[in-house]
Amino acid sequence: MRRALLAFLALVCAALPASAHEVRPAYLEVTETDPGQFAVTWKQPVLDGRRLKLDPVFPDDCTRSRERSEVAAGTLIQRWDMECDLSTGHIEIAGLERTLTDAFVRVNRLTSDDLSTVLRPRALQLDLSTPTGAPTATYFRIGVEHIIFGYDHLLFVLGLILLVRPRQLLPTVTAFTVAHSITLAAAALGGITLPGPPVEITIAMSIALLGAEAIYRVRGRETLSQRKPWLIAFGFGLIHGFGFAGALSEIGLPKGAEVLALLLFNVGVEAGQVLFVGAVLLAVFLARRFARMPDAPVRFLAAYCIGIIGSYWAIERIVGVLAA
């Protein structure tokens, strides 16, 4: 059993560096600038250098002009002008049914009601003649998905679990939560942002640091981060908050419900974090209860995995910045 678990952890170490992507929704904004004239912005994530095969589909009488595109921060951004009648008909995202991606859609009209909704593989169309409310509840699910599939954030939390003693776990995770909630709110509501690449590099380095600190603990070497881990968690939590804000920057917040949507997104992040911590603690309990495994070898390998992956991501992101 011990060899099987160690082999599994080694496999995870090998697989994670190739999968360091976060789940991000696509975003379509259509703004009426003059009667029958619209400015369109379409954003979709780029994964492993490839765009998803997603394309907005408008009523047949719509015509495009002045199309332009760019790739920024792992997102393909396309803009164009459009002439048509968007009072009736449908908007849909072709190809969405073949993905796990959601698409946020906003239609800002001069005279008719504005529309906003979330299109997903099982709900592919927006009816332009039917009023919609702000899709605030969806922000909770986006928050959960962002943390569950955001492997860099999960590895940081795992590093905290390895680093701290049981009595320190609650205040440490709480400090991390408070810190990233502060910067997430500052970025989403106050417009306070940091450049994306330095944030992502610092997040990767924070993971590598926790891996090293966890190794010191296994070896019996005491450090400041072991005595006061909440300080480390709070400091790096401020940076991770800007990373969380990256997901919201792609889709924005619904007009008139910004605070509620932000709250639901943050609660979703915390729910995903609690689920992950609970799963790790349950796995530890089961391993001790039924496998009677010694902690030291597993903790040592897990800490090394965290350090190696964090270092790999930091180097990969630095190289990406230098090559840009």
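A disulfide is taken here as a pair of cysteine sulfur atoms within 2.5 Å. In the predicted model, one such link is present. Cys62 and Cys84 form this disulfide, with a distance of 2.4 Å from S to S. The link of Cys62 and Cys84 is right-handed, with 75° about the S-S bond. The two cysteines lie 22 residues apart and connect distant parts of the chain. Cys62 is located in the loop between β4 (55-57) and β5 (63-72), whereas Cys84 is located in the loop between β6 (75-83) and β7 (90-94).

Helix α2 (residues 138-148) packs against helix α8 (residues 258-291) at an angle of about 40°, and the axes of the two helices are 7 Å apart. The crossing of α2 past α8 is right-handed. On the α2 side, the contact is made by Tyr139, Phe140, Ile142, Gly143, Val144, His146, Ile147 and Ile148. On the α8 side, the contributing residues are Ala261, Leu264, Phe265, Val267, Gly268, Val269, Ala271, Gly272 and Gln273. In composition, the contact of α2 with α8 comprises twelve nonpolar and five polar residues, and no charged residue takes part.

Key: Residues numbered from 1 in each chain as written. Predicted model: local features only at pLDDT ≥ 70, side-chain atom pairs only at ≥ 80, totals over all residues. Heavy atoms only, no water. Axes fitted to C-alpha atoms, helices over the stretch in contact; angles between N-to-C directions. Helix = DSSP H or I, 4+ residues; strand = E, 2+ residues; numbered from the N terminus. Left-handed = near helix turned anticlockwise from the far one by under 90°. Contact = heavy atoms within 4.5 Å. Nonpolar A, V, L, I, M, F, W, Y, C, P; charged D, E, K, R; others polar.
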